[in-house]
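Here is a friendly tour in questions and answers. Shall we take a look together?

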Amino acid sequence: MAKIYAFANQKGGVGKTTSAVNIAASVGALGKKTLLIDMDPQGNATSGVGISKKSVTKSAYDFITGSASFKSVVKKTKYKKLDILPATIALAGAELELVDMPEREYFLKKALDSIKNDYDFIFIDCPPSLGLLTINSLCASDGVIVPMQCEYFALEGLSQLTVTIAQVKRFYNSELNLSGVIITMFDGRLNLSLQVLDQIKKHFKGKIFKVPVPRNVRLSEAPSYGMPAIYYDKFSKGAIAYCEIAKEIVEM
């Protein structure tokens, strides 16, 4: 049975999708059958693994609402043991369509029950908000992985997210836990980065992944080629960091 992790942070621009794409690809490269679910209507995780959004006729939206089968939606990527449930802008309508439905928080969980035995790991890239798509992702997950930058506004956002995780755990998914925090875009030369990292370690003791992801040009370039960093430049500092984090996740 797959371990399911949601990549969540309501603050945009923190490396959430970059982390989801690169960790999914790295876990696949370790020989684990991996599914990446793009739950963000922007569809950046979809294009980040080389799937053209223009070619997507059925998306994660169709799967979770039951209007399409898993086989008709899932796409194999050209990367080792990595499949994706792609996203289109149609996902944005899911927030409105689900709002009046009974058990609206569990649509994704119920949909995944039929296929989670087919994978070792399922990673969900959540939208940068705390709406119904994110709540569905948290209800379907065993744990939450939070990518965040070393800046004070990001620290405030993490506090809000932990409250949401606690509420989801209390009311909808008693198994949900904060699995780990990924430090992204880290620059050890800046005092601010070091100060915020120290605060994060105090607040979330034992929850920080050992290797921070540095600011790295190759990480920024890779999505424009539809490639995870491990395949774009496996010797880049960013790719190496995500590979190390992937090993930690596999061993959790």
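Predicted model: local features only at pLDDT ≥ 70, side-chain atom pairs only at ≥ 80, totals over all residues.

Residues are numbered from 1 along each chain as its sequence is written, and side-chain values use heavy atoms, with hydrogens and water left out.

Reader: Which residues of helix H5 are buried, and where on the helix do they lie?

Author: Helices here are DSSP runs of H or I with at least four residues, and strands are E runs of at least two, numbered from the N terminus. Buried means under 20% relative accessible area, with a 1.4 Å probe and protein chains only. In H5 (residues 91-98) that picks out Leu-91, Ala-94 and Leu-98. Seen down the axis, by directions from the helix axis to the C-beta atoms, they fall within an arc of 15 degrees, so they line one face of the helix.

Reader: Is Phe-7 buried or exposed?

Author: The value for Phe-7 is 0% relative accessibility. Phe-7 therefore counts as buried.

Reader: What kind of aromatic pair do Phe-7 and Phe-123 form?

Author: Rings of Phe, Tyr and Trp (its six-membered ring) pair if their centres lie within 6.5 Å; planes under 30 degrees apart count as stacked, over 60 as edge-to-face and the rest as tilted. Phe-7 in strand E1 and Phe-123 in strand E5 are 116 residues apart in the chain. Their rings lie 5.8 Å centre to centre with 70 degrees between the planes, and the pair is edge-to-face.

Terms used: Buried < 20%, exposed > 50% of the residue type's maximum accessible area, 1.4 Å probe, protein only.
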